[in-house]
Amino acid sequence: LLLVAMTWTAAAQNDTPGMNRPGKGILDVTVVDEEGTPLKGVTVSVPGYHSTTGLAGTARFGLFPGRYAVLVKKNGYRGKRVNAGVRPEETTKVRVVLEKLPPRPK
């Protein structure tokens with residue numbers, strides 16, 4: 001089951017320095033578990049960049065407009081690949097739900 005929610009909003013004034021360059025947009029990826037709890041320490045990658053989620057389960061990228069393949073992975077969870085579109089001067093929010101893997105037999 002893949003659950004992805006995407007919304008478009010104007011870029012916030014408090015974005016990380018360098019992210020608000022003319023022509024760029026923001027991609028915010030929030031990763032949660034099946035109960036909706038934010039997951040810290042998840043590796044989120046887009047072509048040429050990678051980041052790790054913090055306490056809020058979010059990784060942020062300043063990107064040129066276009067479509068991006070977003071890879072999301074964390075030990076103990078089934079990794080996911082989702083697509084996201086970035087528009088100039090806007091923030092795209094993507095929510096990814098990771099499924100916990102069953103325990104390995106001993």
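Strand 2 is mostly covered, with seven of its eight residues buried. This is a predicted model, so let's treat what follows as a tour of a prediction.

Who are the partners of strand 2? Strand 5, residues 58–63, pairs with strand 2 in the antiparallel sense, over six bridges. Within strand 5, Arg 60 is the bridge partner of Asp 28. Strand 9, which spans residues 90–97, is joined to strand 2 by seven bridges, and here the two strands run parallel. Thr 30 has its bridge partner in strand 9 too, namely Arg 95.

## A closer look at Val 32

Val 32 belongs to strand 2, which covers residues 25–32. Is Val 32 buried or exposed? Its relative accessible area is 3%, and since buried means under 20%, Val 32 counts as buried.

Which residues does Val 32 touch, once neighbours within four places in sequence are set aside? The contacts are Thr 37, Pro 38 and Leu 39, together with Arg 95, Val 96, Val 97 and Leu 98. One of these, Arg 95, sits 63 residues from Val 32 in sequence, yet the C-alpha atoms of the two are 7.5 Å apart in space. Arg 95 also turns up in the strand pairing, as the bridge partner of Thr 30.

Now to another part of the fold. Four strands make up an open sheet, and their order is 4-3-6-8 with antiparallel pairing. At the edges are strand 4 (49–52) and strand 8 (80–86), each of which pairs on one side only. From one strand to the next, the twist averages 25 degrees.

How many of the seven residues in strand 8 are buried? Five of them are, which leaves strand 8 mostly covered. Although strand 8 is an edge strand that pairs on one side only, it is still mostly covered.

Gly 85 lies in strand 8. Why does Gly 85 count as buried? Its relative accessibility is 6%, and the cut-off for buried is under 20%. Gly 85 and Ala 69 are 16 residues apart along the chain, and 9.0 Å separates their C-alpha atoms.

## Rings and a charge

What lies over the face of Phe 64? That place is taken by Lys 24, at 5.0 Å from the ring centre. As for pairs of aromatic rings, the count comes to zero when centres must lie within 6.5 Å.

## How confident is the prediction?

The protein chain averages a pLDDT of 84, and 79% of the residues score at least 70. Residues 1–18 have a pLDDT below 50, and this stretch has 43 contacts in the model beyond near neighbours in sequence. If you plan to look at those contacts, keep in mind that they come from a stretch with pLDDT below 50.

Notes:
Residues are numbered from 1 along each chain as its sequence is written. This is a predicted model: local features need pLDDT of at least 70, side-chain atom pairs count only at pLDDT 80 or more; totals for chains, interfaces and linings use all residues. Side-chain values use heavy atoms; hydrogens and water are left out. Two strands pair if DSSP finds at least two bridges between them. Axes are lines fitted to C-alpha atoms, for helices over the stretch in contact, and angles run from 0 to 180 degrees between N-to-C directions. Rings of Phe, Tyr and Trp (its six-membered ring) pair if their centres lie within 6.5 Å; planes under 30 degrees apart count as stacked, over 60 as edge-to-face and the rest as tilted. A charge sits over a ring if NZ of Lys or CZ of Arg is within 6 Å of the ring centre and within 35 degrees of the ring normal. Buried means under 20% relative accessible area, exposed over 50%, partly exposed in between (1.4 Å probe, protein chains only). Contact means heavy atoms within 4.5 Å. pLDDT is the predictor's confidence in each residue, from 0 to 100.
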